[in-house]
Amino acid sequence: MTVRSRARAHDARRVQRGTGTEVRSRLPIALAVFLPAALIRLVLAPLTAWPNDTYTWVRLGWDLLAGYGPYDRLGFSYPPGWAAVLALVLRPLALVFPPDRWATLPSSGLTDLPVPHPVTLLAVKLPSILADLAVGWLLYRKSTRAAVLWLFNPLVVFVSSVHGQYDAFVSLTVLLALIAVLGGAAFLSGLACGIGTALKLTPLYIGPITLAACVRQGLRAGGLRRPAAQAARWGAGGIAGLTPALALLSTGF
């Protein structure tokens with residue numbers, strides 16, 4: 001081994017040790033931030049509900065178990081990506097929790113909508129909570145303060161854990177699209193936008209911005225072939241992310 005190769009190996013070991021030390025030193029901070037944030041969400045999720053939405057999602061589960069697609073009958077007006085996420089949760093739930101117990105009509109008469117069981121509420125809100133925490137993790141990798149502001153923002157907690165809406169998926173896919181652009185990964189940026197649009201239309205609006213950023217990166221590299229390739233990669237990613245959800249629009253689901 002030459003002197004230069006030994007020096008490179010030594011530098012690599014130093015970097016590896018430094019990275020491991022940094023991860024271990026930040027672990028207590030991460031636990032102190034994410035454990036309370038997750039606990040708050042998991043406590044609120046089964047105890048709160050907005051039946052106008054959550055009961056609609058329960059009905060979707062019943063329809064899927066009966067062989068119907070999400071749009072075969074009236075009532076489900078959400079994008080197909082959300083139907084797919086709910087199917088991934090509610091089908092396994094039916095194996096461990098009887099579907100006839102998923103929701104009941106309250107005896108108080110305060111609402112004419114059946115209220116989902118706490119177990120069902122936790123199940124249908126869990127994907128949004130995980131997406132919510134994933135956004136916090138991506139922010140934490142750049143700034144602990146930004147992660148804290150997100151994870152303990154009352155509006156963020158309310159939307160994902162109380163109301164039970166899935167807007168955290170919008171934030172997650174948009175953030176992933178932006179991170180991919182900064183890393184020069186045009187395909188992954190388009191893929192994030194495509195998946196996000198299948199879940200909710202909002203990421204569609206950031207698509208032209210991320211596409212323009214990818215093209216600009218290609219122009220800075222020089223020539224016309226590179227920006228065209230970047231645009232093609234972004235478009236292929238967007239199609240790959242959106243196409244599977246389009247199939248869910250059919251009655252066969």
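At what angle do H2 and H3 pack, and how far apart are their axes? I looked this up first in the predicted model, where local features need pLDDT of at least 70, side-chain atom pairs count only at pLDDT 80 or more, and totals for chains, interfaces and linings use all residues. I number residues from 1 along each chain as its sequence is written, and side-chain values use heavy atoms, with hydrogens and water left out.

**Entry: H2 and H3**

I find an angle of about 70 degrees between H2 and H3, with axes 9 Å apart. Axes are lines fitted to C-alpha atoms, for helices over the stretch in contact, and angles run from 0 to 180 degrees between N-to-C directions. H2 is therefore roughly perpendicular to H3 (65 to 115 degrees). From H2, I list Trp57, Leu60, Gly61, Leu64 and Leu65 in the contact (heavy atoms within 4.5 Å). Helices are DSSP runs of H or I, at least four residues, numbered from the N terminus.

**Entry: the core**

Next I checked the largest nonpolar core, which has 41 residues. Such a core is a set of buried Ala, Val, Leu, Ile, Met, Phe, Trp, Tyr and Cys residues joined through side-chain atoms within 4.5 Å; buried means under 20% relative accessible area, with a 1.4 Å probe and protein chains only. Trp57, Phe76, Trp82, Leu86, Leu151 and Phe169 touch the most other members. H4 gives the most to this core, 8 residues.

**Entry: two residues**

Leaving aside neighbours within four places in sequence, I see Phe169 in contact with residues including Trp82, Val85 and Pro127. Thr120 sits in H4, residues 118-140. Thr120 counts as buried because its relative accessibility is 0%.

Notes: Helices (H or I, at least four residues) and strands (E, at least two) are DSSP runs, numbered from the N terminus. Buried means under 20% relative accessible area, exposed over 50%, partly exposed in between (1.4 Å probe, protein chains only). Angles under 35 degrees count as roughly parallel, over 145 as roughly antiparallel, 65 to 115 as roughly perpendicular and the rest as oblique.
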